[in-house]
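Q: Could you walk me through a few spots in this model? I'd like to take one residue to begin with and then look around.

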Amino acid sequence: MAKTMEVPEHCPMDVGLNILSGKWTLRILWHLSKGPVRFNELQRLLSTITTKTLSQQLRQLEEQQ
């Protein structure tokens with residue numbers, strides 16, 4: 001699971017680094033930046049990610065929105 005830490009809301013750099021700290025986060029965001037992607041297609045694009053990990057990462061990104 002990604003390392004998250006409480007950061008003060010006044011520092012945008014700390015907030016950004018906290019969101020992007022996961023192993024898969026940048027890869028997921030890269031594929032999603034190109035447009036909508038279905039779950040199975042995203043899993044295939046990331047090849048070595050497990051279903052459980054992908055689900056957790058997507059939930060975590062959604063919560064941090």
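Q: Leaving aside its neighbours within four places in sequence, what is Leu-58 in contact with?
A: Leu-58 is in contact with Ile-28, Leu-32, Phe-39 and Leu-42, where contact means heavy atoms within 4.5 Å. Please keep in mind that this is a predicted model, in which local features need pLDDT of at least 70, side-chain atom pairs count only at pLDDT 80 or more, and totals for chains, interfaces and linings use all residues. Residues are numbered from 1 along each chain as its sequence is written, and side-chain values use heavy atoms, with hydrogens and water left out.

Q: Which helix is Leu-58 in?
A: Leu-58 lies in helix α4, helices being DSSP runs of H or I with at least four residues, numbered from the N terminus.

Q: And how do α2 and α4 cross?
A: Their axes, which are lines fitted to C-alpha atoms over the stretch in contact, with angles from 0 to 180 degrees between N-to-C directions, come within 11 Å and cross at roughly 75°. The helices α2 and α4 are therefore roughly perpendicular to each other, a label used for angles of 65 to 115 degrees. Thr-25, Ile-28, Leu-29 and Leu-32 of α2 make the contact with Leu-54, Gln-57, Leu-58 and Leu-61 of α4.

Q: New topic: where is Ser-47, and what is its phi?
A: Ser-47 sits in the loop between α3 (39-46) and α4 (51-63), and its phi is near 45°, a positive value in a residue other than glycine. Most residues other than glycine have a negative phi.

Terms used. Helix = DSSP H or I, 4+ residues; strand = E, 2+ residues; numbered from the N terminus. Parallel < 35°, antiparallel > 145°, perpendicular 65-115°, else oblique.
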